[in-house]
Amino acid sequence: MFSKELKWIYLIVLSLIWGSSFILIKKGLIGLTAMQLGSLRILFAAIFLLIIGFKSLSKIPKNKWKYIALTSLFGTFTPAYLFAIAETEIDSSITAILNALTPLNTLILGALFFGISFQKRQIWGVFIGLIGSVLLVLNGAMNNPGHNYYYAILVIIATICYAINVNLIKRFLSDLSPLSITTGNFTVLFLPAFLILFFSGFFEVIHIEKVQHSVLFIMILGVVGTGIANVLFFKLIQMSSPVFATSVTYLIPIVAFFWGLLDNEMLTPIQFLGAFIILIGVYLSAKK
């Protein structure tokens, strides 16, 4: 009974952490550029994961490192910068809702390129999710002429990257522990992220108070939103199932929406409808 209750606690905690990531990005962008934010997010997470998972690197065979590098590119490196760039133009709550397209894109890419079978119901889920996305973005563009909603495409590209990452891990790295994969990912990314941060001019403005406040938000995002959240997610998978664990996807936009309300973001009725349609599509595509 305790184990059954504990998995729900883990699920709720994860939804709170990941649902808060988007507002942390928004706050980080007050004093940082998108490239600086993405780099710092990776670096803080890398330092944390190397501290807790350094010994797990020895469990990665040499022939698996090329797949570790690929999954680090698609699963962390590219999305970290795409989300930061996107939130320079669109609201954090919109970004979180579009992020829920990840399971749909995982299904599409898995069926097209990785030989994963699918059901007719899941195809309907994909189309419904796409309709909701178009409705959400078009209505947002109409009601927020000061925002460039073409940046929503960057979020969709990021979800495609996540989908590629999931399929690569399932196909080539399923025999490795999640901690080994994640620590390996961030080990690969440490140097590229540091070089981007160095050439971004960050160290020339680090003395500015506004920049320091933003760095604090991103340190929380990197350590808690990436490092600790991954550890909790791995434990949740072990005590329940991947299907139950990925249901956190449905809760993340809800948490992000309430953070957005506190920060004076607001969805229109049509955008609410679009968000609801997206979640229906995700549910249909992920349902057993």
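A pocket is an open set of grid points with protein on both sides within 12 Å along at least five of seven lines, and its lining residues have an atom within 4 Å of a point. In this predicted model, α12 (248-262) and α13 (269-286) each supply at least two residues of the lining of the second largest pocket.

**Second largest pocket**
- The space in the second largest pocket is about 180 Å³.
- Its lining consists of Ile97, Pro253, Ile254, Phe257, Phe258, Leu267, Phe272, Ala275, Phe276 and Leu279.
- By type, the lining has 10 nonpolar residues, no polar and no charged.

**Salt bridges**
- The whole structure contains 3 salt bridges.
- Lys26 and Asp263 form a salt bridge at 2.7 Å, N to O.
- Lys26 is in helix α1 (residues 2-28) and Asp263 is in the loop between α12 and α13, so this pair ties together parts 237 residues apart in sequence.
- Lys27 forms a salt bridge with Asp263 too, with the closest N and O atoms 2.8 Å apart.
- Lys64 and Asp175 meet in a salt bridge at 3.6 Å, N to O.
- Lys64 lies in the loop between α2 (34-53) and α3 (65-86), and Asp175 in the loop between α7 (152-172) and α8 (178-199), 111 residues apart.
- Lys26, Lys27 and Asp263 belong to one network of salt bridges that share partners.
- Lys64 has a relative accessible area of 15% and is buried, whereas Asp175, at 55%, is exposed.

**Helix α5**
- Among the buried residues of α5 are Leu104, Leu107 and Gly110.
- Gly115 follows α5 and has a positive phi, near 70°.

Key:
Residues numbered from 1 in each chain as written. Predicted model: local features only at pLDDT ≥ 70, side-chain atom pairs only at ≥ 80, totals over all residues. Heavy atoms only, no water. Buried < 20%, exposed > 50% of the residue type's maximum accessible area, 1.4 Å probe, protein only. Helix = DSSP H or I, 4+ residues; strand = E, 2+ residues; numbered from the N terminus. 1 Å grid on protein atoms, 1.4 Å probe; cavity = no way out; pocket = protein on both sides within 12 Å on 5 of 7 lines; lining within 4 Å. Points joined across faces, edges and corners; volume = space filled by probe spheres on them. Nonpolar A, V, L, I, M, F, W, Y, C, P; charged D, E, K, R; others polar. Salt bridge = Lys/Arg side-chain N within 4 Å of Asp/Glu carboxyl O.
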